[in-house]
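Subject: Structure handover

Hello,

Here is the structure I promised you. Please open it beside this email and follow along.

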Amino acid sequence: MYPLTYIEPVFRPPSEWKSLILQVTNGCSWNKCTFCDMYTNDKKKFKPKKIDLIEQEIISIAQSGLATGRVFLADGDAMMLPFNRLKEILLLIKKYLPQVTRVSSYCLPRNLTNKTTEQLSELRELGLKLLYIGCESGDDQVLALIEKGETYQSSLIALTKIKQAGIKSSVMILNGLGGPELSKQHALNSAKLMNEAQPDFLSTLVVSFPLGEERFADKFSQAALQPYRQLNQSELFNEMEVLLSQLNLTKTIFRSDHASNYLVLKGVLGKDKETLLEQVRFALKQPNEAKLRQEWQRGL
Ligand SMILES: C[S@@+](CC[C@H](N)C(=O)[O-])C[C@H]1O[C@@H](n2cnc3c(N)ncnc32)[C@H](O)[C@@H]1O
Ligand code: SF4
């Protein structure tokens, strides 16, 4: 265990399970997406951590002698910090933890509006190698209904900037986010956004509501033509089939293995596109034969 005190709960991408989680901010600076309850607790009100405190924590990690090869900057959008503060943090990591080979963070497209490609390249040279971007959808109508505060275009601009700076991108898209009414356009426009952006990693999660769907459904239904309802299993697979069949990616590691998914899919796109599509079609036709997660095995 790392000798740090966290303001709980702390979230990190599944692939960062071995990383040191360094909480350089508390909460999320946006915190308005109607599907996301991750930082709604009073304790999680957004606040950047003081640099002196961050330095003390990094020193205590160095003194602990624990192996630390990777660092994830938490919480929800550490990339909202100004360029100079991010640079300071990366320099501290370099100074006290020179063995670290990769620093990563969640990132909202708008976090990069005031950062130039040159500044991002400088951060990459200081160790920032990977950004996780919750695009959630490429469809502007869906993005407005979920109050993401982003659009197809703002997401594309950020993903392009990240690529130009030589930083890797990992995008999350949410299966089921548009309900039945917007399912098709959600899948088509999400595929279009990914085709234009060509991220290094793409993962899909099924939108889930462990604290209840009321907040989400209320906002959604106020503006959509029909009230929101969650997609059933076959509708989720149908949406996945549309998404996958429309994806034209050249070298993207694709993962749909988060605990929220019924069907686990893993591959490299485009190489494995047909195999993945076959798996989805099989699950659609013969769900009892496909190895699906049971309801009790699913989670967020
Ligand atoms: C902790 S959030 C931080 C991401 C970052 N703030 C962003 O929006 O890019 C990580 C991701 O968890 C996923 N997530 C959050 N709430 C979810 C929900 N209710 N159902 C499924 N996935 C969810 C979303 O894909 C979100 O982008
Ligand atoms: S999805 Fe990301 S931006 Fe939206 S509220 Fe959650 S943490 Fe904040």
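Predicted model: local features only at pLDDT ≥ 70, side-chain atom pairs only at ≥ 80, totals over all residues.

**Aromatic rings**

How many aromatic pairs does a search of the whole structure find? There are nine. Take Phe 209 and Phe 216. Their ring centres are 5.0 Å apart, and their planes meet at 40 degrees, so this pair is tilted. Stacked pairs need planes under 30 degrees apart, and edge-to-face pairs need over 60. Phe 209 is buried, at 13% relative accessibility. Phe 216 is buried too, at 1%.

Phe 216 also pairs with Phe 220. That pair is tilted as well, with 5.6 Å from centre to centre and 35 degrees between the planes. Where do these two sit? Both are in helix 7, which covers residues 214-223. They are four residues apart, about one turn of the helix. Phe 220 is buried, like Phe 216.

Now step back. Ring pairs join Phe 209, Phe 216, Phe 220 and Tyr 228 into a cluster.

**Charges over rings**

Look at Tyr 152 next. The charged end of Lys 192 sits over its ring, 5.3 Å from the centre. Arg 298 does likewise with Tyr 262: its charged end sits over that ring, 3.9 Å from the centre.

**Salt bridges**

The count is 13 salt bridges. Here are three of them.

- Glu 16 and Arg 102 meet at 2.7 Å, N to O. Glu 16 lies in the segment before strand 1 and Arg 102 lies in strand 5, so the bridge ties together parts 86 residues apart in sequence. Are they buried or exposed? Glu 16 is buried, at 0% relative accessible area. Arg 102 is buried, at 14%.
- Lys 44 and Asp 75 also meet at 2.7 Å, N to O. This pair links distant parts of the chain, 31 residues apart. Lys 44 is in the loop between strand 2 and strand 3. Asp 75 is in the loop between strand 4 and helix 2. Lys 44 is buried, at 0% relative accessibility. Asp 75 is buried, at 0%.
- Glu 88 and Arg 85 have their closest N and O atoms 3.0 Å apart. Both lie in helix 2, three residues apart, about one turn of the helix. Glu 88 is partly exposed, at 35% relative accessible area. Arg 85 is partly exposed, at 24%.

Best wishes

Technical notes: Residues numbered from 1 in each chain as written. Chains lettered and ligands numbered in written order. Heavy atoms only, no water. Phe/Tyr/Trp six-rings, centres within 6.5 Å; stacked < 30°, edge-to-face > 60°. Buried < 20%, exposed > 50% of the residue type's maximum accessible area, 1.4 Å probe, protein only. Lys NZ or Arg CZ within 6 Å of the ring centre and 35° of its normal. Salt bridge = Lys/Arg side-chain N within 4 Å of Asp/Glu carboxyl O.
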